[in-house]
Structure formats: C-alpha cells, structure tokens
Amino acid sequence: MAYYVGVDLGATNVRAVVADDDGTVIGRSDRGTPRGPTGITVTEAVLRVAREACAEGGVEPEQVNAAGIGAIGPLDLAEGTVENPANLPDTIDRIPLTGPLSVLFDTDRVYLHNDTNAGVIGERFYSDRNPDDMVYLTISSGIGAGVCVDGNVLSGWDGNAGEVGHMTVDPQGLLTCGCGHDGHWEAYCSGNNIPRYAQFLYEEDDVETTLPIEAPEFSAVDVFAHDGEDEFATHVVEQLAHWNAMGVANIVHAYAPLIIYVGGAVALNNPERTLDPIRERMDEMVMSNVPEIQLTTLGDDVVVKGALASAMTDGTGDRTRL
C-alpha cells in the first residue's frame, strides 16, 4: 500500500492530509500557523500536523511514499524554503520545508509549490471542469493566483510565478503592502489589509459609522458584517470590488483563462459580495474573452488537496502519472 501526504502552509492555518494509493484521505490535522518567534517554529508546526495526520490514518511516517507542500511565498525552490513571508511577523525570515519533511518521511519525493499553484493543481485534478487554461485565485490573508496555460502550471524559475497580489493596481501607492512596496492589490483587498484600508478611507472622509474602526480587534469580518446596514461599510465593500475587478481583469489580459476559480477566506465567507461585483465589472474592463468566474469547488481544502495531488503525480498534478 502506498501513502501520500499533502500539506498546506498558510499565513493563518497549517493543514496536512494523508491518503492511500487511490487518493482516499484517511487522516488529517489542522492547526493555527505560529506567529514566531522564528521560522523553525513554523517548520515544527508543519512537522507536527504531518505526524498527526499520519497517526490518525494509522500510517507510520516512513511508510509515506511522497509528499506535496503548498506554501505561502516567496519561495526558494533550490533550498526548499519560504523566505521572508509578507504575511507573517518580520522575525520569521526563513522556513525550511522540503528538507525536514524528507527526513520525516525518509524520501526525497517532496514537492514544494506556491500555495496558489497547489490550488490550481487541485482544481485541475479534482474538478469536473478542468480546461488547459485556468486560474485559481485566492483572496485570503494575502492574494495570489495559480495559473495554468496550455496545460502547463506556471511556476517560474524560482517558484514565485502567480504573485498577482503584488501587481500594482494603485499608481498613487496610497497604501503599503506587507511586502514593503506601495499600491499592490494585496494592500487593499487581502483579509489582513481590509481593516487598514477601511481606516484609511475613514480618516480621509471622516464620516459617521458603526464600524468599530478604533477597536484593536477590528477586522475584515466587521466590514462585511456591516455591509448593507452601515453606509460607510457598504462604501468600503464597493471600493474593494473596484480593486478586485481591476486585479482580475489584469489576470484575464495576462493569461486568457477559460475559468477562474476563487477561494480564500475572504471569498469563501463572502461569495456574493466578492464574486458578483467582479463579474458585473468584467464586460467594461476586459477587452478579450471574459472567463467564467466561480467559487472554488474544494473549499478550504483546495491547497492541501492540490498538494496531495502533487505528491501522487510526481509533483505535476497530471492524472496520467497515476
């Protein structure tokens, strides 16, 4: 019996699943992503969930044939690490991944992908509709995309293709992204930055609002919860729609996908208020064919399932490798 492991290392959660040789998940584990103090702490969390998933499935780590990892970036594929992640504290500068997992599982078949590349691998592998030209877009703690063109998942020489959240959408650069650069899509519309954007708009307009703008725990959840009931919250959501549509239009013009699957916590928790406004704006923003835009079919498991599909197919997600 062959066994395979998929790991999803996100800015908020780290997940692992273990599956048997026909792809049936027999064990899983989920934990919050540590906020430090160092990258080794995050590595240890990854190893912990991998061990726990194996234990739930009754699998010894050395029985695992291969593992796939979908991780936040930026990546250093040569070293098998995450380097200076934008959405984790500055003290976390380097997260070793492929080396420690290779030791745990006693195999060199450990495949590292940007998390959104793992997402597009998952959508192609598991979805009923999986054309050769498609995109998986995540709007979550950060923003990124996995891109498949002519049947090829675009990874880039260093594994960092698809970092569309760091496209400049605001040439004035009014807000600074977590990566340190100005005007990026992620600086306005990611789950981590929506509260900062709302505070910026509030200070600019000085309007009355029931949003807890000054509260330390003010979050993107508050903005969407007050949409439709609070005029200012509705204004913020409309502005988010503008930036999101601009980002998606850039993706369409760059890659010409037939379908864009959208996931991540912001989209999954607010699908109508995230996806519908994007769809409504496409005709006026796109000069080429407008793709179908729909919610991911795999929910929160899209990255971990993609990482699992990668492990089962020698890092490719190609069903013919089964």
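What is the volume of the largest pocket? About 870 Å³.

Some ground rules before that. This is a predicted model, in which local features need pLDDT of at least 70 and side-chain atom pairs count only at pLDDT 80 or more, while totals for chains, interfaces and linings use all residues. Residues are numbered from 1 along each chain as its sequence is written, and side-chain values use heavy atoms, with hydrogens and water left out.

The sheet comes next. Helices (H or I, at least four residues) and strands (E, at least two) are DSSP runs, numbered from the N terminus. Two strands pair if DSSP finds at least two bridges between them. With that, there is an open sheet of 5 strands in the order β11-β10-β9-β12-β13, and its pairing is mixed. Its edge strands, each pairing on one side only, are β11 (152-153) and β13 (292-295). In general, strands of a sheet pair through backbone hydrogen bonds, either parallel or antiparallel. Strand β9 (residues 134-139) and strand β10 (residues 143-149) run antiparallel and are joined by 6 bridges. Within this pair, T138 stands opposite G144 in β10.

Which helix packs on the sheet, touching β9, β12 and β13? That is α9 (residues 271-285), and its direction makes about 180 degrees with that of β13. Helix α7 (residues 231-255) lies across β9, β10, β12 (259-263) and β13, and runs at about 155 degrees to β9. Contact here means heavy atoms within 4.5 Å. Axes are lines fitted to C-alpha atoms, for helices over the stretch in contact, and angles run from 0 to 180 degrees between N-to-C directions.

Now a pair of helices. The axes of α3 (residues 115-126) and α10 (residues 302-312) come within 7 Å and cross at roughly 75 degrees. That makes α3 roughly perpendicular to α10. For the wording, angles under 35 degrees count as roughly parallel, over 145 as roughly antiparallel, 65 to 115 as roughly perpendicular and the rest as oblique. On the α3 side the contact includes D115, A118, I121 and F125, and on the α10 side it includes V302, K305, L308 and S310. By class, the residues of this contact divide into 9 nonpolar, 4 polar and 3 charged. The classes are these: Ala, Val, Leu, Ile, Met, Phe, Trp, Tyr, Cys and Pro count as nonpolar, Asp, Glu, Lys and Arg as charged, and the others, Gly among them, as polar.

On a 1 Å grid over the protein atoms alone, a cavity is a set of points where a 1.4 Å probe fits but cannot get out; a pocket is an open set with protein on both sides within 12 Å along at least five of seven lines; and lining residues have an atom within 4 Å of a point. Grid points are joined across faces, edges and corners, and a volume is the space filled by probe spheres set on the points.

The largest pocket, at about 870 Å³, is lined by 43 residues, and A11, T138, S140, S141 and G142 are the closest to its centre. Elements that give two or more residues to this lining include β9, β10, α3 and α10. The largest share, 4 residues, comes from α8. The lining divides into 16 nonpolar, 21 polar and 6 charged residues.

The second largest pocket has a volume of about 200 Å³. Among its lining residues are I121, F125, N152, V153 and R319. Helix α3 gives the largest share of this lining, 3 residues.

How many cavities of 30 Å³ or more does the structure hold? It holds 1, and about 50 Å³ of space lies in the largest cavity. Its lining includes I139, F224, L240 and R273, and the largest share, 4 residues, comes from α7. By class, that lining has 7 nonpolar, 2 polar and 1 charged residues.

Last, the backbone. Most residues other than glycine have a negative phi, and most peptide bonds are trans. The peptide bond from G36 to P37 is cis, with omega near 10 degrees, and P37 is in the loop between β3 (25-32) and α1 (39-56). The bond from G73 to P74 is also cis, with omega near 0 degrees. A256, which is not a glycine, has a positive phi of about 50 degrees, and its place is in the loop between α7 and β12.
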